[in-house]
Amino acid sequence: MRAHHLLKTACVVALLGASATWAMTAPPMSVRSGGSTVEEFQQINASASDYSLKLVLASKGSGAYVAGIDITVRSLPSRNIVLEQMASGPLVLMALPPGRYEVSATSHEVLPGAPATLKRVLTVPRSGLANMVLYFDTGDSVEPDSPAVYSTR
């Protein structure tokens, strides 16, 4: 009888361990980042309707696209982190569930005295795409002969 009880306990522990492992290895939220070339930007931007948030990172004034920005997204009101990632380009698409979020973005390339971290609160709708543009004071400019796709302006 005692062996049977130990076997049942071992099975319960194994099942709990398996479910805990599944929870820790569940796939992360779908995120797509990039757009450093015109072709890549257009390709990623064309898939925006598959996501719930489109975040564009740009330089204040010129609208020149920037990359290498550290992004943190927290669900509100819990403030649980749902995403921490460095943007590999100026365009970040996220598949967030409907709700309120705080987006925090940090650039390590701002001008002296300019804020390095920007925080915004947004609501992701039940359907459709939420859009956000964050402008950092980097001093970056767009060359006059650059294609229009290289800027938010």
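Predicted model: local features only at pLDDT ≥ 70, side-chain atom pairs only at ≥ 80, totals over all residues.
## A buried lysine without a partner

Lys54 is buried yet forms no salt bridge, and the nearest side chain of opposite charge, Asp50, is 13 Å away. Lys54 sits in strand E2. Its side chain does have a polar contact, with the side chain of Asn45, at 2.7 Å.

Who else is around it? Setting aside residues up to four places away in sequence, Lys54 touches Asn45, Ala48, Leu91, Val92, Leu93, Leu129, Ala130, Asn131 and Met132.

## The salt bridge

Arg79 pairs with Glu102, and their closest N and O atoms are 3.2 Å apart. Arg79 is in the loop between E3 and E4, while Glu102 belongs to strand E6 (residues 99-106), so the pair ties together parts that are 23 residues apart in sequence.

Are the two partners buried or exposed? Glu102 counts as buried because its relative accessibility is 11%, below the 20% limit. Arg79, at 37%, counts as partly exposed.

## The loop between E3 and E4

Arg79 has another feature to look at in the backbone: its phi is near 65°, a positive value in a residue other than glycine. The loop between E3 and strand E4 (81-86) also holds Pro77. A cis peptide bond joins Leu76 and Pro77, with omega at about 10°.

## One aromatic pair

The structure holds one aromatic pair. The ring centres of Phe41 and Tyr65 are 4.9 Å apart and the planes meet at 25°, so the pair is stacked; the angle has to be under 30 degrees for that label. Phe41 comes from helix H2 (residues 38-46) and Tyr65 from the loop between strand E2 (53-59) and strand E3 (70-76), so the pair ties together parts that are 24 residues apart in sequence. Phe41 is buried, with a relative accessible area of 7%.

The largest nonpolar core has 22 residues, of which Leu55, Leu57, Ile71, Met94 and Leu134 touch the most other members. At least two residues of this core come from each of E2, E3, strand E5 (91-94), E6, strand E7 (117-124) and strand E8 (130-136). Which of them gives the most? That is E8, with four residues.

Not counting residues up to four places away in sequence, Leu57 touches Ala64, Tyr65, Val66, Ile69, Ile71, Ala87, Gly89, Pro90, Val92, Leu134 and Phe136. Tyr65, a member of the stacked pair, is thus among the contacts of Leu57. There is also a second, separate core of seven residues, which includes Phe41, Ile44, Tyr51 and Val56.

Ser104 counts as buried, at 12% relative accessibility. Leaving aside neighbours within four places in sequence, Ser104 is in contact with Asp70, Ile71, Thr72, Thr117, Leu118 and Lys119.

Methods:
Residues numbered from 1 in each chain as written. Heavy atoms only, no water. Phe/Tyr/Trp six-rings, centres within 6.5 Å; stacked < 30°, edge-to-face > 60°. Buried < 20%, exposed > 50% of the residue type's maximum accessible area, 1.4 Å probe, protein only. Lys, Arg positive; Asp, Glu negative; His and termini not counted. Salt bridge = Lys/Arg side-chain N within 4 Å of Asp/Glu carboxyl O. Polar contact = N/O pair within 3.5 Å; in protein donor to acceptor, adjacent residues only side chain to side chain. Contact = heavy atoms within 4.5 Å. Core = buried A, V, L, I, M, F, W, Y, C linked by side-chain atoms within 4.5 Å.
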